[in-house]
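Subject: Structure handover

Hi,

Here is the structure I promised to pass on. Have a look at it first, and then read my notes below.

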Amino acid sequence: MTAAIVYAFASAIFLGAGVVLAQLGLRTVEPLSGAAISVPSFTLLFLVLSPLILHGEPVVWGALPIFMAIGLFFPASLTLLTFASNRALGPVITSTLGNLAPLFAVTAAVVLLHEPLLPQQLIGLVVAVAGAAIITVTRPRDLGHWRSWALLLPLASALVRGIVPPIAKLGLAIWPSPLWACLVGYVMSSLVVLTVQRVRKGSFMVQAPREGRFWFALTGISNGLSALSLFAAVRNGPITLVAPLAAIYPLVTVVMSAMMLKHVEITARIVGGTLLTVIGVALVLIA
């Protein structure tokens, strides 16, 4: 279990950093174009390094359709939803509502993988949901023209993030290679976001300021490392452990937002809701 815990923590750190880096990119680039920069950036880096890091990794064709199907939604649709939520709600609320992902992940793990769910784990999930709800009770002043429908964006991203690990675990049971799982998924996601970019703008290339491209490239690398770490964690441990642990990334987002995004006001309500969510995750872990 040690490897699963370490990889899950790494996934949380990279994901929390990616949320804040995306906010910096969104200052000059719209969400959909940002996705067309970030996802292919990590894919290109992975492809360049693949002769080295994939050397000696066998190919198991039976799991390929599963990893390809995952790639159609993760990280493509997840990235689009997260970037749009970042712009509409800000990084802290995006991260905290995204912390509902363990609820979906554990449910899918129980249904698809028949993993046991203890009463204390259920209590922990309820506490995590309550913590996220606290964030949405009132509108933080830094959100501008916020609308209630925008809450659907991070909730949808939480759903995608939640159901992907159990499905990935099914594929990894056939082809136990997180590296290949991540590469195949990112290649498919790159095709999705570049196709969306081509349909919307008439070109696969994103026209954006150099600064915006830089921040979204870093965002893509950070998110990609998070996905790779998540697949490695799922490979080495149960979803009921990995999913809640990886969901502590709002703490990273809160800290980085206070340091890098000076206009973001970290209110007592946001901090309290985030901490309550993490307490719920802790209850799941010690069950």
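Let me start with what I mean by a pocket: on a 1 Å grid over the protein atoms alone, a pocket is an open set of points with protein on both sides within 12 Å along at least five of seven lines, while a cavity is a set where a 1.4 Å probe fits but cannot get out. Lining residues have an atom within 4 Å of a point. Points are joined across faces, edges and corners, and a volume is the space filled by probe spheres set on them.

Some housekeeping: this is a predicted model, so local features need pLDDT of at least 70 and side-chain atom pairs count only at pLDDT 80 or more, while totals for chains, interfaces and linings use all residues. Residues are numbered from 1 along each chain as its sequence is written, and side-chain values use heavy atoms, with hydrogens and water left out.

**The pocket**

The largest pocket has a volume of about 170 Å³. Its lining includes Ala36, Leu44, Phe204 and Arg213. Helices here are DSSP runs (H or I, at least four residues), numbered from the N terminus. Both α2 and α10 supply at least two lining residues each, and α2 gives the largest share, with five. By class, the pocket lining splits into nine nonpolar, one polar and one charged. For these classes, Ala, Val, Leu, Ile, Met, Phe, Trp, Tyr, Cys and Pro count as nonpolar, Asp, Glu, Lys and Arg as charged, and the others, Gly among them, as polar.

**The cavities**

There are two cavities of 30 Å³ or more. The largest cavity holds about 300 Å³ of space and is lined by 25 residues, with Leu15, Phe74, Leu78, Arg161 and Ser226 nearest its centre. Among the helices that each supply at least two residues to this lining are α1 (2-25), α8 (152-174) and α10 (210-236). The lining has 17 nonpolar, seven polar and one charged residues.

Leu15 sits in helix α1. Is Leu15 buried or exposed? Leu15 has a relative accessible area of 13%, so it counts as buried (under 20%; exposed is over 50%, and partly exposed is in between, with a 1.4 Å probe and protein chains only). The C-alpha atoms of Leu15 and Ala247 are 9.1 Å apart, although 232 residues separate them along the chain.

**Leu52**

Leu52 is in helix α2 (residues 31-53). Leu52 counts as exposed because its relative accessibility is 67%.

Cheers
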